[in-house]
Structure formats: C-alpha cells, structure tokens
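Student: I have a model open and want to learn how to read it. Where do we begin?

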Amino acid sequence: MPNTISNPVQELLENVSTPFTQARAMPKSVYTTKEFLNYELENIFKKDWFCAGRSDALKNIGDYLTLELAGQPIMVIRDNDSKIRAQSNVCRHRMSTLLEGSGNTRSIVCQYHAWTYGLNGALRGAPAMTLNDKFKKKDYCLPQIKCEEWLGWIMISLNQNAKPIVNSLSEVTDLIGDFRMETYTQTFSETHVWDTNWKVLAENFMESYHLPVCHSGTIGGLSKLEEMDCPPGKEAFNYHFILKEPHFKLANAHPNNTILKGDWRRTTVLLAIYPSLLITLTPGYFWYLSLHPKGVGQVHINFGGGMSPEFVSDPDAQDHFKAVKTLLDDVNIEDRGCTEKVFKGLLSDHATPGHLSHLERPNYDFAKYLASHA
Ligand code: FES
Ligand SMILES: [Fe+2]
C-alpha cells in the first residue's frame, strides 16, 4: 500500500526550500488538513499579533468588542483611563463567557451569577460570597492580554513575549508613514464568513495577478499586469503598489493634503501584515480584512474601511465613498467566487500545485513566513 500519511508542515518546508524563480503554490495539505490548522493556531495565531479592528471603533469609555483568537474568548474595551485593553472574556467564577458582540457598558456583569468586574477587569462585586472563608475579591481579576495601538489599529497578542508592534512593523511605518494612517476614520465595519481556507483569501489579496480576469466585471479592465510592482517581502509583512488614474478622485490625495508628494499622491499600497491583516491604503480611503480561520474550510472576516481626514471633512466625499463601498462590495462578490472555487479545487484528488508567476512574489514570501514558525 502506498504511504498516504503526510506531514503538512514538512511538505511546506520542502515547498519553500525552492528558489522563487522555480517556486510552486503551497501544497494542498496546508489548506485542507486539521494538522496544519492546529499548527497555525498554536504557532502563529497564539504567538503573533492579531488585528481586532480600528481604535476609533471604541471611541468612548466602556465601548467594547468581543472576538475569539485561537479558540480564546477575548474582550477589547476602552477603560476608565481611556486606555484600550484586551482581557479574557471568561468569568473567574464558574467560567462562563461574559460579554457578547459589541456595545458600551459601565461594568462587566456575568449573566450567570452576577459577579461584576470593572472595565479594568478587577472584580468589584460578587453576591452571596461572604461565607466562603477563602474568597477574597482582590484575588480576582480578568487575565490581561497584550494590546497595543499602532497607526490606528488595535493589535492584540496571546503571547506575553511578543515583540512590541512598533518594532516589528517599523518598516511599514518607514514605507507608508506619510499616509498618516492613524488619522483615517473608520466609516464601516462588517463581519462575514466565506467557504474557503483563510490562506486562500489572504493569498488572493496579496497578488494582483488575478485582477484582469477574476474582476473582469468591475476593476479588471483598469488593471495592467505590466504596471504592477511586487518587491520582495519583509519579515513581518509583504506589500505591492498600484498606481491609480487621476479621475478616481478618492484614490488620489485631496488638494488639502500637502504631505504626500509626486507619485505617492496616486499610489495605492496593498499591505499584508502577517498573519492576517490585509490593508488597501490609498491617499483618500482605506479598507481592510482581518482574517481568522473558522475550521479548515471557512474563514471569519472582519471587513472595514473609511476615509482620510481631508475627505472626511469634504462634503462631496460621502457620496464618493458610497460609490467606492458599492464597488468594493461588487469586487468582494467576485473574490468570494474565485476563492471558494479554489477551496473546492484543493479538495480534489487531482489537484497539484502549479508554478508561481513573478506577480505572486508576495505569496512566496507568505509561504516562507508560515514555514518559519515550524
Ligand atoms: S460563572 Fe460568572 S458569576 Fe458564576
Ligand atoms: Fe480580488
């Protein structure tokens, strides 16, 4: 009998040992096996930084959102000192989860027996606990999770030893600091679930090779393969640039923007910050996807976006942005079709990974990043 037992991490290590000029797409076991999913949850999502959204989504004291990161229920909340903190969303009594969805609250009250925590996670009250000799309120606090704000993003990590995000992403700031991404305002945020592996969607974002065909119904006609620039990636991210036409007003710098110069005024930057924050940044607007695996065959997507300050204060811009959002929704429908078809194909016995184009350089760098956690 042939040996059909494979080790997906080993297969990936072999795949990335090939130089880029001869490289192939990642092995299908990387996308389709529980073994690889467990590897990435333990070694990537539990170790690296994950984006929980934009800071301006939590403007007021008590604003919160909840999420699961590598199976861990987490709340992100603006505390009484106006600091955004991330903490375990699990009660310290009999371990129910606490908050749900997003909203605003003055305290965190467990819906099981009403143990009540302050916004900083300290236990403030617990009914009928006076007769337990060992119980001391001060011993109880929700476990704190690393949380840093970076260019307007809320970044969290389950790894207490994770390097400060400003250090690991300093090259991003060097590259696109003049966009002042921290000043952009979020105007929409949605969640979606698609039937594909999270990496298929991440890789789809990283390459613009698919634009002319997959997006022939929307933006495909504007995309010229010969004008795409895909430099080699960095340790913590990869990126590529597209130049936008001057008539696409919102993708060009506003006349009041005096910081961006020359071609930067019409440059769109596509940033893939590992593992799963994907940002399209233009001088006028931005949109992003923050991805998390939902099993092998589904991806949980946090999809948001908004505008730069000059456009936010421009009365015409709202209508322009509505048009951009409609276009983004149409583009997403096309991407959903392509990425769900890739996942179906990956499950085929006949599927084998083909060679990569020079326009898929970011995919190669992403594969190396995934393998580097082995
Ligand atoms: S489990 Fe939270 S109060 Fe009992
Ligand atoms: Fe696309």
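Tutor: Start with one residue and its contacts. This is a predicted model. Leaving aside neighbours within four places in sequence, Ile156 is in contact with Asp48, Trp49, Phe50, Ala52, Leu67, Leu69, Ile74, Val76, Ala86, Lys146 and Cys147.

Student: Which residues touch the most other members of the largest nonpolar core?

Tutor: The general idea comes first. In soluble globular proteins, nonpolar side chains tend to be buried together. Here the largest nonpolar core has 62 residues. Leu12, Val76, Ile156, Leu289, Leu291 and Phe366 touch the most other members. Domain 1 (8–48 + 168–371) and domain 2 (50–161) both give residues to this core, so it lies between them. A second, separate core has 28 residues, including Ile165, Tyr239, Leu277 and Leu281.

Student: Is Asn302 buried or exposed?

Tutor: Buried means under 20% relative accessible area. Asn302 has 14%, so it is buried. It lies in strand S16 (residues 299–307). Not counting residues up to four places away in sequence, Asn302 touches Ala52, Gly53, Ser189, Glu190, Thr191, Tyr288, Leu289 and Ser290.

Student: How do I read the geometry?

Tutor: Compare the angles with the ideal. For four tetrahedral donors that is 109.5 degrees.

Technical notes: Residues numbered from 1 in each chain as written. Chains lettered and ligands numbered in written order. Predicted model: local features only at pLDDT ≥ 70, side-chain atom pairs only at ≥ 80, totals over all residues. Heavy atoms only, no water. Core = buried A, V, L, I, M, F, W, Y, C linked by side-chain atoms within 4.5 Å. Buried < 20%, exposed > 50% of the residue type's maximum accessible area, 1.4 Å probe, protein only. Domains from an automatic or database assignment. Contact = heavy atoms within 4.5 Å. Helix = DSSP H or I, 4+ residues; strand = E, 2+ residues; numbered from the N terminus.
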